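Hi everyone, thanks for coming.

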Amino acid sequence: MFSEKSIEAVRATLPAVRSALGQIASVFYDKLFTAHAELLRDLFNRGNQASGEQQQALAGSIATFASALLENPGTPPEAMLSRIAHKHASLGITPDQYAIVHTNLFAAIAEVLGEAVTDEVAAAWSEVYWSMADALIAIEARLYAEAGTPGGDVWRDYRVVGRLPDNDVVTFLARPVDGSPPPASRPGQYVSVQVELPDGARQIRQYSLSGAPAEALQFTVKKVVGRPDGEVSNHLHERVAEGDVLRIGAPFGDVTLGDGDGPVLLASAGIGCTPMIGMLNHLAGTGSPRRVIAVHADRAQGTHAFRADLEQLVAKLPNATAHIWYEDPESPWPADRTGLVDLTAIGIPEGITAYLCGPLPFLRAVRAQLRELGVPAADIHYEIFGPDLWLAQD
């Protein structure tokens, strides 16, 4: 619980801190990677650092957490913490790393804000940081225990036993090298994959589980062209073949298909279809009677990954429909399904739970439509690949 003195210090300085968070985050990462070059080489996504997305996401999470504490000091933002904790757990983050972050973050705050950071202000913001860190450490410890990976030992060696190309994506099937069964997962989760790149860096990326075959992990990777964050995905496309060994983490992710018999909306755009295909695979595999509305948006037929799978899985379900929009279709396509997704055209039943995945503009647009149609915010769940810029831009 925060002291009233700390709450007032944070409240008084939040506007200044918020306005400088972008600069603070940039200075923080410079200091962190100068002191610990191995973190940029082997843990943090170099592409997101180069684009500035990681800095934006960090700034957004700190501002959101501090604002939440001021509004409800005893009630931390659980949804945000859960999302971050699952990302951390997928990387094997350990409690000692939070102290390293604290040292460099507060050095950055002092450098950027200068004399405004009195001892009182520093102590108050340190309370904010450790409140957030302690909450994350507790959640991550629980996740590690549930996954059977105490202490964050999430990594195992897997052998690639299958490669399934589909347009500009490849689905990999991988089995544990030691012959043990793959870990259990929930529909919608992802795994971390670590590869050694030509310069010796061991970079990590997360990929959605697009299915759950009994004896293998199944994850799908899109080839990325012309962007710095594509170095791992392109390495997997170009250099990893059947028989090769990959280092893969345990499945994590908090946006998972819920139990029950109520209607569900699975809405995706582009490569955001991968967790939705994983959910559809689960629903079809269990013969679910639930009403399922699958919505997908893509540039054209030729870029639509899992197009055939979507049709086949929906056909297997007794109460499912698929609705597809293309922005620039390559062949004749209905005019009312050309352009951007319009949920008013398909009818959204009461009591629906929505799962969304795709680029941020798509997520914002679809969520806004759902809210206008009366779907409660608590029933709308989203997954975003890479740093969560939704927080940074709200």
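Let's begin with Phe-306: is this residue buried or exposed? Phe-306 is buried, with a relative accessible area of 6%; buried means under 20% relative accessible area, exposed over 50%, and partly exposed in between, using a 1.4 Å probe and protein chains only.

A quick word on where this comes from. This is a predicted model, where local features need pLDDT of at least 70 and side-chain atom pairs count only at pLDDT 80 or more, while totals for chains, interfaces and linings use all residues. Residues are numbered from 1 along each chain as its sequence is written, and side-chain values use heavy atoms, with hydrogens and water left out.

Back to Phe-306. Its phi is positive, about 65°, although Phe-306 is not a glycine. Most residues other than glycine have a negative phi. You will find Phe-306 in the loop between β8 (292-298) and α10 (307-316). Those labels are DSSP runs numbered from the N terminus: helices are H or I with at least four residues, strands are E with at least two.

Asn-167 also has a positive phi, about 55°, and is not a glycine. Asn-167 sits in the loop between β1 (156-166) and β2 (169-176). Asn-167 is partly exposed, at a relative accessible area of 46%.

Now for the sheet. In what order do the five strands of the open sheet come? The order is β9-β8-β7-β10-β11, and the pairing is parallel; two strands pair if DSSP finds at least two bridges between them. β9 (320-326) and β11 stand at the edges with a single partner strand each, so one side of each has no neighbour in the sheet. On average, neighbouring strands here are turned by 15° against each other, direction ignored. Axes are lines fitted to C-alpha atoms, for helices over the stretch in contact, and angles run from 0 to 180 degrees between N-to-C directions.

β8 and β9 pair in the parallel sense over seven bridges, and Val-292 has Ala-320 in β9 as its bridge partner.

The helices come next. β10, α11 (residues 360-372) and β11 make a right-handed β-α-β unit: with the strands pointing away from the viewer, the path from the first strand over the helix to the second runs clockwise. α11 lies across β7 (264-269), β8, β10 and β11, at about 165° to β10, where contact means heavy atoms within 4.5 Å. α10 lies across β8 and β9, running at about 155° to β9.

Last topic: charged pairs. How many salt bridges does a search of the whole structure find? It finds 14, counting a side-chain nitrogen of Lys or Arg within 4 Å of a carboxyl oxygen of Asp or Glu. One of them joins Lys-31 and Glu-111 at 2.9 Å, N to O. That pair links distant parts of the chain, helix α1 (residues 4-35) and helix α6 (residues 96-113), 80 residues apart.

Another joins Asp-168 and Lys-222 at 2.6 Å, N to O. Here Asp-168 lies in the loop between β1 and β2, and Lys-222 in strand β5 (residues 217-222), 54 residues away.
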